[in-house]
Amino acid sequence: MNITVALMVKNEKTNLVETVPFFKEHFEEVLIIDTGSTDGTVEYLKEQKINLLQTKWNYSFADVRNELIKAATGDYILMLDADERINEEFVVQMRAAIQSNDLSYEVKIMNITDDNIRNSTHINIRLFKNDGNFYYEGNIHEQLKHTNGHIPKITSLLLRHYGYRSEVIRTKGKRKRNMRILQMELKKDPNNAFHNYNMSTELINIKKYNEALLHLKKAAKHSKGKTFESEVYRNIIYCLVNTKRYAEAEEFARECIKSFQKETRFYFILAQILLKTGRVEDAELEMKKGLGAFLNIGKTIDGTENLYLLMEMLKISKRKRDFDTVIKVLSALNQITESNHTIMKEFINVMLQNFEKDGLYNFIKENVADEEKQTELFFEYSVRKGIKEIPMNKVTSAENRIMKLWESSKYEQVIKETSQLEGQSKFKILGFIYVGNLERRNDTVSNWLLENKTIQAIEQFKSGQEVRKVNLEGKVYLSIIEELIKQSNLNEIGRVIQMYHYYPAKYWKEIGDVLENFYYDETAVSMYVEYLQNVTGDFDTWVKAAELLYTQEKWDDCLLLANKASQLNGNNFRPVELMILSLEKKNEIQLVNQIVTEVKNQIDHSHFINSRKM
């Protein structure tokens, strides 16, 4: 069967140059309608000899898409946007799917954000039979209809959407255009649930939450039973959270769990609300309810796959040092994101202390198929064996070039190019060279490194000489510590960290953060405690240190720090959780009961509190 791929475009030449050749190769008809481009789109499409239509933009997406339907000649139509991408696997699956001869087919759309990370997916009907009875309705956020009705067939088809990147939204003025059309529609029909919902989404994107809530109240009143009803309530919760009305948001989320039982995302949303007030134990429980079998089979009940929410579960598991769950969540994230750089870094950080010689190199080679991603990780973690294998013409950044030169023993060039760097890039490379030179001891490099006051001070301290606190760069010091960790040089880490007091207190916390990120928890706690003796009002650091002490089974110390955190912020419940958990470990049941009694009436629906034995 023939398939027409159909797009409506305006000023999309950059996207079309990338996609049209693919469309021409894989579809019987490429049909594109232009609504007034001025960037050379029309000229490019004419050169490509595809089926090109031109029309004047009349503020109706439905009208333009209906023109595409009327002009299409294929047996089926695949409706795409210019900022969406499909691949050969999609085409193969699509052609297999239409053999069932159904009227329409669902397609999962993956939204890609600025960091090239998928943040959400949703389902839409993009593939349908060209039988003369399909049409679009709605000037904006148009819906596909059939004169006799239709139930789309579920498929595994997946496309990627790049239109939510901030630069795309800014340069194309999408938000301004959308709001103008919605205002026109709401003027005609003020109580239209769908338009009020869509207007709330646009207002949320520009952080006008109270104004969005006014539209959402109308949408909720008139959306009962409609396909977007749950989206209305999701937006209501989002607005309540962003106006710090957490109790109301929690109530809405719990009601949504009851009303939309197949939509497990409301467990995740509830968990995020609970985290806002420090209810980590309750949040973890709700996340586990929502995840269900996800961590074992890769799917929730409703197929929800939201990277941000899984990342939240990862944060909780890391905070609690629940390594079994950390690995399960990372495995799921790694599969979803196809070995995303950030996720692989999390994997490596967990395992770094356990790698032996060439262990990290082998791990990256075995678990990251993409050579470009391998290269990024080799440089990120200073994997020398990996760096040596990379051709110089594949090295793209100035820092990586210097690391490659170092591994090639081109020391004079290393010194020359490092001297030209500035800021964080220079700090990072100085750390790399200093740690590398501990092994090589090249005299030229050693003398050059000693020109840096910070490195000179470190060497003086290690040799027992007096050190002056003059022009010491904390960022260079941090870079050296991180590089020593990556190279697993434990003896040297201990020696260098001992001179922390030569730097301002803010760096003590940053040292703690670096150590905690790589799971050097005991030393991290020591740095946090030193920092907190000088900066007593940092609530988050009191909590972080208390959590680490709890995972180290230091109940008394955890109690002391959690109590201090509770005094600083009585509205955050996490210190109370830590005190209760520590007291239970100490078998101080009477004190547990006293705390539970005090807080029970302050917090509704807390499984953590209600499950404590009185």
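In which loop is S60 found? In this predicted model, S60 lies in the loop between β3 (51-54) and α3 (61-71). S60 is buried, with a relative accessible area of 2%; buried denotes under 20% relative accessible area, exposed over 50%, and partly exposed the range in between (1.4 Å probe, protein chains only). The C-alpha atoms of S60 and F128 are 21 Å apart in space, and the two residues are 68 residues apart in sequence.

Residues are numbered from 1 along each chain as its sequence is written, and side-chain values use heavy atoms, with hydrogens and water left out. Because the model is predicted, local features need pLDDT of at least 70 and side-chain atom pairs count only at pLDDT 80 or more, whereas totals for chains, interfaces and linings use all residues.

The protein chain holds 33 helices and 10 strands, where helices (H or I, at least four residues) and strands (E, at least two) are DSSP runs numbered from the N terminus. The C-alpha trace spans about 85 × 70 × 40 Å along its principal axes. Of the 614 residues of the protein chain, 53% count as buried. Among contacts in the protein chain with a separation of 6 or more, 60% are accounted for by residues 24 or more positions apart, contact meaning heavy atoms within 4.5 Å. Four domains are given by the domain assignment: domain 1 (3-171), domain 2 (172-323), domain 3 (395-503) and domain 4 (521-613). These bounds come from an automatic or database domain assignment. A distance of 53 Å separates the C-alpha centres of domain 1 and domain 4.

Helix packing was examined next. Two packed helices are described by the angle between their axes and the distance between the axes. The axes are lines fitted to C-alpha atoms, for helices over the stretch in contact, and angles run from 0 to 180 degrees between N-to-C directions. Helix α8 (residues 209-222) and helix α9 (residues 229-242) have axes that come within 9 Å and cross at roughly 150°. The two helices are therefore roughly antiparallel to each other; angles under 35 degrees count as roughly parallel, over 145 as roughly antiparallel, 65 to 115 as roughly perpendicular and the rest as oblique. The crossing of α8 past α9 is left-handed, a term applied if the near helix is turned anticlockwise from the far one by less than a right angle, and right-handed if clockwise. On the α8 side, Y209, A212, L213, L216, A219 and A220 meet V232, Y233, N235, I236, Y238, C239, L240 and N242 of α9. This contact of α8 with α9 comprises 12 nonpolar, two polar and no charged residues. In this classification Ala, Val, Leu, Ile, Met, Phe, Trp, Tyr, Cys and Pro count as nonpolar, Asp, Glu, Lys and Arg as charged, and the others, Gly among them, as polar.

Helix α9 also packs with helix α10 (residues 246-259), at an angle of about 160° and with axes 8 Å apart. These helices are therefore roughly antiparallel to each other, and their crossing is left-handed. The contact is formed by Y233, I236, I237, L240 and V241 of α9 together with Y246, E248, A249, F252, A253 and C256 of α10. By class, the contact of α9 with α10 has 10 nonpolar, no polar and one charged residues.

For helix α25 (residues 474-486) and α27, the axes come within 10 Å and cross at roughly 20°. The pair is therefore roughly parallel, with a right-handed crossing. In α25, G474, K475, Y477, L478, I481, E482 and I485 meet Y507, E510, I511, V514 and L515 in α27. The residues of this contact divide into eight nonpolar, one polar and three charged.

Individual residues were then considered. P504 occupies the loop between α26 (490-497) and α27 (505-517) and is partly exposed, with a relative accessible area of 47%. The C-alpha atoms of P504 and M403, 101 residues apart along the chain, are separated by 30 Å. N400 is placed in helix α20 (residues 398-407) and counts as buried at 15% relative accessibility. Apart from its neighbours within four places in sequence, N400 is in contact with F379 and V395.

Most residues other than glycine have a negative phi. R321 lies in the loop between α14 (307-319) and α15 (323-337) and is buried, with a relative accessible area of 9%. E553 likewise has a positive phi, near 65°. The loop between α29 (539-551) and α30 (555-568) contains E553, and E553 is exposed, with a relative accessible area of 59%.
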